Amino acid sequence: MTTIPAPPSSGLSVLSLPMRDPRVKPLLDELAVEYTTRYGDFFGTDGAAQELRRYPAEEFAAPHGALLILQEDGETVAGGAFRRYDANTAELKRIWTHSAHRRRGLARVVLAELEAEAARRGYRKIYLTTGPRQPEAKNLYLATGYSPLFDLDADPEAIKHLAFTKELPGAATDRGK
């Protein structure tokens, strides 16, 4: 486990943890409920479970990946992860805020922490996708400088996977730095 300094006077702790750490369980459990509630069988009969099993835990481990959670008073309140997409690009996955802690800007904190960690690991670009039934995620990415790789005027349900990209400012030009 690595503790990363949280934003000043936020009362939050940022922890870098392996996927199987018990403090990650609230993130995964609530994501499964969220995906099932929002999408049902939109992506297939086993859609939520299949999405959460799609990538092995090792893909979110150093040196090419990371999983970060935010804790407040010992409670996991938000988190997210990235994995290697290609040599210069990290792919963000599993960005989540506990339902009782939404509308506090925690997703922005997670996003900023993931971007900073990806840059420290030498990535120069971020890639991510979100689903068509997550308009708050789409709006977050647009508001934080991500460029959509789809037509914003198109029906999101027809697109299914809303892809975004963002260049990381100040990323190391050499992955060894």
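**Charged pairs, a loop histidine and the cores**

Analyst: We begin with E30, which is buried at a relative accessible area of 16% (buried is under 20%, exposed is over 50% and partly exposed lies in between, with a 1.4 Å probe and protein chains only). This is a predicted model, in which local features need pLDDT of at least 70 and side-chain atom pairs count only at pLDDT 80 or more, while totals for chains, interfaces and linings use all residues. Residues are numbered from 1 along each chain as its sequence is written, and side-chain values use heavy atoms, with hydrogens and water left out.

User: With which residue does the side chain of E30 meet in a salt bridge?

Analyst: Side chains of opposite charge can pair when their charged atoms come close. The partner of E30 is R102, with 3.9 Å from N to O (a salt bridge is a side-chain nitrogen of Lys or Arg within 4 Å of a carboxyl oxygen of Asp or Glu). E30 lies in helix α1 (residues 25–39) and R102 in the loop between β5 and α3, so the pair ties together parts that are 72 residues apart in sequence (helices, H or I of at least four residues, and strands, E of at least two, are DSSP runs numbered from the N terminus). R102 is partly exposed at 33% relative accessible area.

User: How many salt bridges does the structure hold?

Analyst: The structure holds 13 salt bridges. Among them, R83 pairs with E59, their closest N and O atoms being 2.6 Å apart. R83 belongs to strand β4 (residues 75–86) and E59 to the loop between α2 (47–53) and β3 (66–72), so this pair ties together parts that are 24 residues apart in sequence. R83 is buried at 12% relative accessibility, whereas E59 is partly exposed at 28%. A network of salt bridges links E59, R83, E91 and K93. D21 and R23 form another salt bridge, at 2.9 Å from N to O.

User: Where is the place of H98, and what does its side chain reach?

Analyst: H98 sits in the loop between β5 (89–97) and α3 (106–120). The side chain of H98 reaches the backbone nitrogen of A100 at 2.9 Å (a polar contact is a pair of N or O atoms within 3.5 Å; within protein, one must be able to donate a hydrogen and the other to accept it, and residues adjacent in sequence count only if both atoms are side-chain atoms). Leaving aside neighbours within four places in sequence, H98 is in contact with E30, E75, T76 and V77 (contact means heavy atoms within 4.5 Å).

User: Which residues are buried in helix α4?

Analyst: An α-helix has 3.6 residues a turn, so residues three or four places apart point the same way. In α4 (residues 135–143), the buried residues are A137, K138, L140 and Y141. They cover an arc of only 160 degrees around the axis, which puts them on the same side of α4 (the arc is that of the directions from the helix axis to the C-beta atoms). The buried residues of α4 pack against β5, α3, β6 (125–130) and β8 (162–167). Just after α4, G145 has a positive phi of about 90 degrees.

User: Which residues touch the most other members of the largest nonpolar core?

Analyst: In soluble globular proteins, nonpolar side chains tend to be buried together. Here the largest nonpolar core has 29 residues, of which L70, F82, L92, I126, Y141 and Y146 touch the most other members (a nonpolar core is a set of buried Ala, Val, Leu, Ile, Met, Phe, Trp, Tyr and Cys residues joined through side-chain atoms within 4.5 Å). α3 gives the most to this core, with seven residues. A second, separate core of 14 residues includes Y35, A57, L67 and A81.
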